[in-house]
Amino acid sequence: MLDATRETLAELGWGGLTMGHVATRAGVAKTTLYRRWPSKNELVVDAVASLFDELVMPDLGSLRADIEAVVTQFADLLARPESQAALLALFAEGTRDRQLRRRIREAIVDPQKRLVRQGRAAAQTRGELAPDGDETTAREEIDIIFDTIAGTVEHRVLVSGEPITPEWTRRFTGLLLGPFPSLLGG
């Protein structure tokens, strides 16, 4: 049903998508959808959120390698036509609907911050980053790191339409880690 939602959204756009279209494509009754998702907004948010379940924070032995791997995974996810259509439609609709924007944050954005927390914890365990001073500062830094990485990759792929190449990923990671020269191999 979630695949059918993304496919229908990519084909018909936000305005054209109905629960009936999704039900037909998924081969289920509309009542089946409505039992699980009370509205189109909820269905689309869950369909988009499920895309991000495949992202993982590897532990490749260095913060640089870990960041490069996650950026590559995220860029590959965003390069899929159904991902692009679903995210762009959801973000556009979220600008007009405060409740939807809250659901996007709760179901998509906040859960993905786990990747930053995991990468940060692994780098701290390896001695690449100092331990967190306090919870509030750590939370704020995690938000900034997430926004920087997600915002940059989303802008490049979804707004600019530019590719994320291995060279671009290396340069981006170098700029991101710039304040930490020892992590850059120099």
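A: First, a term: helices (H or I, at least four residues) and strands (E, at least two) are DSSP runs, numbered from the N terminus. Tryptophan 168 and phenylalanine 172 both lie in helix α9 (residues 166–176), four residues apart, about one turn of the helix. The model is predicted: local features need pLDDT of at least 70, side-chain atom pairs count only at 80 or more, and totals for chains, interfaces and linings use all residues. Residues are numbered from 1 along each chain as its sequence is written, and side-chain values use heavy atoms, without hydrogens or water.

Q: Why is the pair of tryptophan 168 and phenylalanine 172 called stacked?
A: Their ring centres are 5.1 Å apart and their planes are at 10°, so the pair is stacked. Rings of Phe, Tyr and Trp (its six-membered ring) pair with centres within 6.5 Å; planes under 30 degrees apart are stacked, over 60 edge-to-face, the rest tilted.

Q: Is tryptophan 168 buried or exposed?
A: Buried, because its relative accessibility is 18%. Buried means under 20% relative accessible area, exposed over 50%, partly exposed in between (1.4 Å probe, protein chains only). Phenylalanine 172 is buried too, at 10%.

Q: How many aromatic pairs does the count come to?
A: Two. Phenylalanine 52 and phenylalanine 74 form a tilted pair, 6.0 Å centre to centre with 45° between the planes. Phenylalanine 52 sits in the loop between α4 (40–51) and α5, phenylalanine 74 in helix α5, 22 residues apart. Both are buried.
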